[in-house]
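I am opening a notebook on a structure that is new to me, and I want to write down what I look up, step by step.

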Amino acid sequence: MRKYCLILGLCIGVMSACQKNYESVPLGQQATLDDVFNTQDSSGQQAILYLSNCYLEALPSGHNRITGDYLDAASDDAVSSSNTVSAVQMIATGQYTAASPNADDDWAYNYNVIRDCNVFIKYIYRVPLILLLPDGRKAIGALRSEARFLRAFTYYRLLQRYGGVPLVGDTLFSITDNVQLPRNSFSDCVNYIVSECNNIKDSLRTAMGVDAGNYGRITREAAMALKTQTLLLAASPLYNGGNIDGSDPLTGYPSFDATRWQAAAQAAQDIMNLGVFKLTPSFYDAFTTQAIPVGSNPEVILWVQSGASESIETKNSPVGYGSAGGGGQTSPSQALVDAFPMSNGLAITNPASGYNPLNPYDNRDPRLAATIFYNGHLWLNRAVQTYDGGLDKPGGTSAETKTGYYMRKFMGPFESVSSSPPVYSNTIHDFPYCRYAEILLDYAEATNEASGPTIAVYGVLDSLRKRAGIDPGTDGMYGLAAGMDQADMRVAIQNERRIELAFEEHRYWDIRRWKIAAQAYNSSPVQGVDIQQFGTGLTYNRINVLTTAFKDPQMYFYPIPYGEVVKNPQMKQNPNW
Amino acid sequence: MRKLLLYVCILALVLDVQAVLAQGRVITGTVRDQYGPLSGATVTEAGTKNSVPTNNKGEFRIVLKGAAGKLVISYVNYVKQEVAIKRGSDNIDVKLEQNTSSMDEVTVTGFGQAKPRTTMTGAVSSINAKEIEDIPTSSVQNALAGRLPGFVAVQRSGQPGHDASDFFIRGVNSLNSSGSTPLILVDDIEYDYDQLSQINVNEIESITILKDASSTAIYGIKGANGVLLVTTKRGVAGRPKFTLRGETGFQQPVLTPKFLDSYNSALLVRQAYANDGLTNLPPMVSDADIAHYKSGDDPYGHPDINWYKAINRHTVEQVNANLDVSGGTHNVKYFITGGVFSQNGNVRNFGTSQGGVNSQGVNNNYFYNRYNVRSNLDIQATKNLSLRMDVSTRYMDINQPSNQNVTADIFNYNDFHPFSAPFINPNGSFAYAFDTQGQLPTLNALLASGGYTRDRRTDFNALLGFDEKLNDITEGLALTGRLAYSSQQESVLTLNHAFANPPSYHYNPTDGSYLLNTGPNGGGYVEGVWSSSGYPDLDIQNVDAQVYFSYDRTFARAHHFNSLLLWHEQTTRNDDNPLLAQVAAVPSKFRGYSLKIGYDYKQKYLVDLNAALNGSDRFHAQKRNGFFPAVGLGWNIAKEKFFGDVLPKVNLFKLRATYGVVGSDVAPGNQYLYQQVYNNGSNYSFGQQPQGQATVYEGPLGNNNVTWSKSRKTDFGLDMNLFGDKLSSTTDYFHEYVFDQLVTPGNVPLILGIGLSPTNVGITTNQGWEETLTWSATAGKVFYSIGIVYTHNRNKVIYEAEASPRYPWLAVTGHQINQPFGYIFQGYYTQDDITSGKVAKPNTAAPPVAGDIKYKDLNGDGVIDQNDEQAIGRPNIPNTTVGLPIKLGYKGFDLSILFQGAFQYSLSAIGTGIEPFQSQWQPIHQDAWTPTNTNPKFPRLTTDPTTINSPTNYMSDFWLVNAHYIRLKTVDLSYQLSKKSLPFHLASARIYLSAYNLITWTNVWKKYQTDPEAQSNTVGDAYMNNRVLNVGIQVGL
């Protein structure tokens, strides 16, 4: 008997050494939906962090976004300095298909963002949030509207790339749901984004009503700006009368309607009428300062927050500054340089402008120096040397400028900073998705198309040129020709937009919506300048840098990813892909 | 020697003396095999029941009772031997020869069960660990390749401490990348690949693999990929027996890659630039430079360094030593062993001694040191109760250069050219590759000051068990309980210079100047101080408990029952890298009940019924438990009377068949798949002085229906022993239908907006056959054995929720798992092809020119793009492996060699392995296309990495080698001194010469300079596999 007691004891010993049961509640630090949208947490801490992730995903910083390059380096404004075949070069030379998408083609990513916003929109009301806005309203409504804005903004990005896309509304799909949705028409998408902007506008914070800790959140004015951008897109030639696929509702409207330009002009006018925004006195400040206190930088309307850093300088500044670092990532094109007028406001092609090809950078629009490093540009207390064999174009195997230029925009004021060895210091590099300058240009463009070159249109260009530091001249016209017709004014606005908004992810989309991309990519190679030094003299020769290609008209839209068309019989591919 | 002479004299004297009465005569002697004394062998006086076992030193003492004058020495798995008792010679020294094909070979099948070959219904193969003990490789699994049918191994790397083979039982059968890993059990405790590789083979008694459903069914949810069982050695009663083994070996890479010298490299650079029409030549390849390379007159200004040879040593050492003590009394038996294994790496140690200059006392070389200790105790507490306590621990250091993959750096043309820098400057300072973009200091400089990363790992295992015979309840019943704990802990210690770029100089021989390296962007070198850092990398605890009843009894000498009822529970906690994984530290729990009923009638008709009821908490409560039944039937026709009448020489002719379902709970990710988890994302900042704040995001959708995957396995086998056991054959055909596999569906539109948890929808099949054929016999005094071990399997994807492809040839479904896809080689473009609009061309930035590779335009659209890729070649894991074991024994000499081969697999290389301007120039590049060489082995050389000639962008059957290799895998030549000639009272002594990977024949080397077992596309990164030559001595006291 004692023996069996012993054996029983041993068995019990062995068996009890293991846990009795499977875990009834799974262990681990595994946060679930109920933890994130906690019905007990009146501070809504996790839920608000969840919304932060929606910001993080929906507002990607445009700085060096396309695998290290600016999207504008895929347009006619610049090329990548990379030694290897960069992602932007693949785009600019038309090397992408539905099966091997280009690096900006982020269909799945965007639908992921939309779902993430929808999770917040659906579940935030579970949280008994007691947080209040500075004006005394409950914050929960504003937070939910922020998520709706981010969702609408994501649809805007999809619309730019693909035309009409499936609108999923507030639906959160589960694994068993039918997600074989058809695409909504271009006009449905425009209407959806605009109506979302209208509906959320009043529940958001106002630009002047944001407290310091919430600086960077979406405001009423940001919603109005998105509405303006969307309406401007919808009114643009590619969609409004220039549909590449006849009357296909996915790729635009069947016919032209001038009221679309009016709607866009009105939306811009609404923002201008608020009187909240104005241009910063200095063009430089629009990119490197934050509104401290709130409202002190009145120009940026929608932007991506980022901490102060040296990253833009170290990635993009000229390569010859030793310990300061300088990746020289972006090589702006000669065409962009040529687009900047002289400081008297006259285009360099104008015989009266005073342009001297042997001294090409003197007496130019001050925005040139603020946007581009050219040979002789002061930087870190020495002249930039992009002549052959110069410190910033030494030759050899390292990456260096291909065009004789580097990008200057967005960097801190390190022109005459003198230290040995040269160094940068931390600078604000918020990425602007919408500046007031753009709203003004939107207004000018829409008004010119709807009503011709009115005084108001001239006024907008004057204000931008004045801020830029262009000499108003005796006639106070800032170099603009008087009495331009609509077409002349269109050219003037397009040029102003190109130089004012360079590297802010506008040019790439503008040449598409204006339906001039085929011409911009195919008419000539991207050019740069080859500068040779002879004694103290310099010679400037234009050189071809990259032969770009654009398949007209199919490349006006990205292909729907190949897999999506295969998996979903309702998914119609864009024309010719 | 004097002793020997004495014996000879005595022998001569007694030769013609008449027979003395055998009865009552005492015969003593020793029984051994080629490896040393054999304990537990049975010595029987012929024609009587008079028998004794040998003790732990192989010694016996028998008092003769009959008059036959013959002793029969037998032992399981050995050839039975009869020895005549010579007159006057009372001392007999017998050597038995192993016979893995013998009828009564007993194989361990898990949970204390063992079965002889005659009554086995399942597909089981085993090996006595003695056979691989002499093989000089640190990892047990490396030594098993080619020895066990159904065991497929590939050794991906030769790096000390990381050279263990990946292996599969019956090949790969799962779509889940980790789902084909077999269950590894060491004394019934679960191990992983790494743990197995760290076991000292000296501790092992035998290794068994279980392959079919019947033999793996008791493992239920864990058995789907086969089971590898390791049984460790245990003590045998007797006076303490000490065994000391010491061996030392020399390692060399199986292949030393050949790179072109400066002269030929520069010529090819020029050739490529000319091909591309480029006139701005890179530095160091002008006509004047090339003249210097040719004459070699300027070793500092125009160096010519073979970096592979400069950095690596050709021969490096390894050492292995073990000491075992075993013995005991009837009540307590012990086996205690300790071992040291030390293996050095191929790289010169610039950190401490080599080069003589600038050494900083830190060993940069690869090395592996391992210390093993094990103590296995058996205690007979009462007549029926026995207890066991096994404790073992392993401690090891794996060293490697910090932040440096030496092989990859040497292969990488962008880092160093042969003419980039002298090995060391004339004044003893370090040089740097001044003509490259990275301007790296030379590799020896980086190694000398780069420091090391060291993995330190401790494994600890303890097993407590009891075994109670319950004969007083019913004869043959026993109860066994086991409780085992194992832990693995690993930490990584790094000693290095932060941003180590030691000061290096470019020496200019024309003016004798030294230019300090300021780096590519003027960043310059950073003379950092040594700093050490460490973090825990692995922390796993596993508790395993088993209680089972076993029942083994024969009724009426005919009805034999052999049954098992098992309760098994296991908890694993994995605190793997707590810094990174939020979902780590989730325990996984397993619980199972298994029942096995075995029955045979006179060993003629065999039935095995198995069932397991298992659960794992990785799955939702409703989907947790599974039932896994299996049945096995066997019929040994040779036992039938009619058969024996017809074929009397056939001892075994057994047909067997098994069928059953087993499962696998291997699931991706350390989490509960049914649960949707919210994770922390990157920071986002609000506020005017933005401070990054954590964010929270939604993880992949949970799936309540996730459950284990299942495998329906069928196995037909035929076991034969012919010609009086001389010829033994085991044949198996198997078919596996693996279904409900966890795959992430690829056919759900991305509009869903969220990642999906895997669902149980994947289906694959796997079928093949295995054959083991052994002929063993004695010719005169020579014992010999020759065999073949053949394994073939082929899997197929039946369904994996693939999105339907645009063209049928793009479909993965229907091909093998991990089937490579690529283009079809059609020669090289001619100038006519280039100008013709009818020949399809790729859409590359630089259009193709004559001499570029031409591929087939499958869809006929005139463009070579992804739509023209089809299945090419085979997966990277061989479908067919063959082993040819050969053994010879003559007196004290034994030779055992194994040829091993692998066939039907594919291997490719990209980037630094082969592509111009990424890889160093290799001899194959000299046979590149030129206008005058239009039938080359290599396409036109180009500086552009994106052309159609790049296998990174255009993988094709041109680049994919349909590979095979044959190796003289192992050689073991040993000599055992006879008992009589042993000095110093030694019980035994043996010396041996052994080798691993001695000779290799492969077609891979026609194209790529890598080991044929290297993983595809790691050529240029993988540490070369080693050949080892080893000499050892084993002494018993």
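**Conventions.** I count helices and strands as DSSP runs numbered from the N terminus, a helix being H or I over at least four residues and a strand being E over at least two. I keep in mind that this is a predicted model, in which local features need pLDDT of at least 70 and side-chain atom pairs count only at pLDDT 80 or more, while totals for chains, interfaces and linings use all residues. Residues are numbered from 1 along each chain as its sequence is written, chains are lettered from A and ligands numbered from 1 in the order in which they are written, and side-chain values use heavy atoms, with hydrogens and water left out.

**Entry 1, chain B.** I looked up the secondary structure of chain B and found 12 helices and 49 strands. Its radius of gyration is 32 Å, close to the 31 Å that the globule rule gives for 1037 residues, so chain B is as compact as a globular protein of that length. For this I take the radius over C-alpha atoms, and the globule rule is 2.2 Å times the number of residues to the power 0.38. Along the principal axes, the C-alpha atoms of chain B fill a box of roughly 100 × 75 × 65 Å. Buried residues (under 20% relative accessible area, whereas exposed is over 50% and partly exposed lies in between, with a 1.4 Å probe and protein chains only) make up 59% of the 1037 residues in chain B.

Which residues touch the most other members of the largest nonpolar core? In this core of 178 residues, they are Phe37(A), Phe149(A), Leu150(A) and Tyr155(A). By a nonpolar core I mean a set of buried Ala, Val, Leu, Ile, Met, Phe, Trp, Tyr and Cys residues joined through side-chain atoms within 4.5 Å. Helix α6 of chain A (residues 139–162) gives the most to this core, with 12 residues. I followed Leu150(A) and, not counting residues up to four places away in sequence, found that it touches Leu51(A), Cys54(A), Tyr55(A), Ala58(A), Leu59(A), Cys117(A) and Ile218(A). Apart from this core lies another, of 44 residues, which includes Tyr823(B), Leu941(B), Met955(B) and Val961(B).

I found Tyr111(A) in helix α5 of chain A (residues 107–123), where Tyr111(A) is buried because its relative accessible area is 1%. Leaving aside neighbours within four places in sequence, its contacts include Tyr155(A), Leu158(A) and Val165(A), and also Leu750(B), Ile751(B) and Gly753(B). Tyr111(A) and Thr154(A) are 43 residues apart in sequence, yet 8.2 Å separates their C-alpha atoms.

Is Thr401(A) buried or exposed? With a relative accessible area of 2%, Thr401(A) is buried, and its place is the loop between β6 (382–383) and β7 (406–407) of chain A. Beyond four places in sequence, the residues in contact with Thr401(A) include Ser81(A), Asp392(A) and Lys393(A).

I noted a cis peptide bond joining Asp552(A) and Pro553(A), with omega about 0°, and placed Pro553(A) in the loop between β10 (537–546) and α19 (562–567) of chain A. Tyr478(A), a residue other than glycine, has a positive phi near 50° and sits in the loop between α15 (455–468) and α16 (486–500) of chain A. At 11% relative accessibility, Tyr478(A) counts as buried. Asn576(A), also not a glycine, has a positive phi of about 70°; it lies in the segment after α19 of chain A and, at 55% relative accessibility, counts as exposed.

Methods: Contact means heavy atoms within 4.5 Å.
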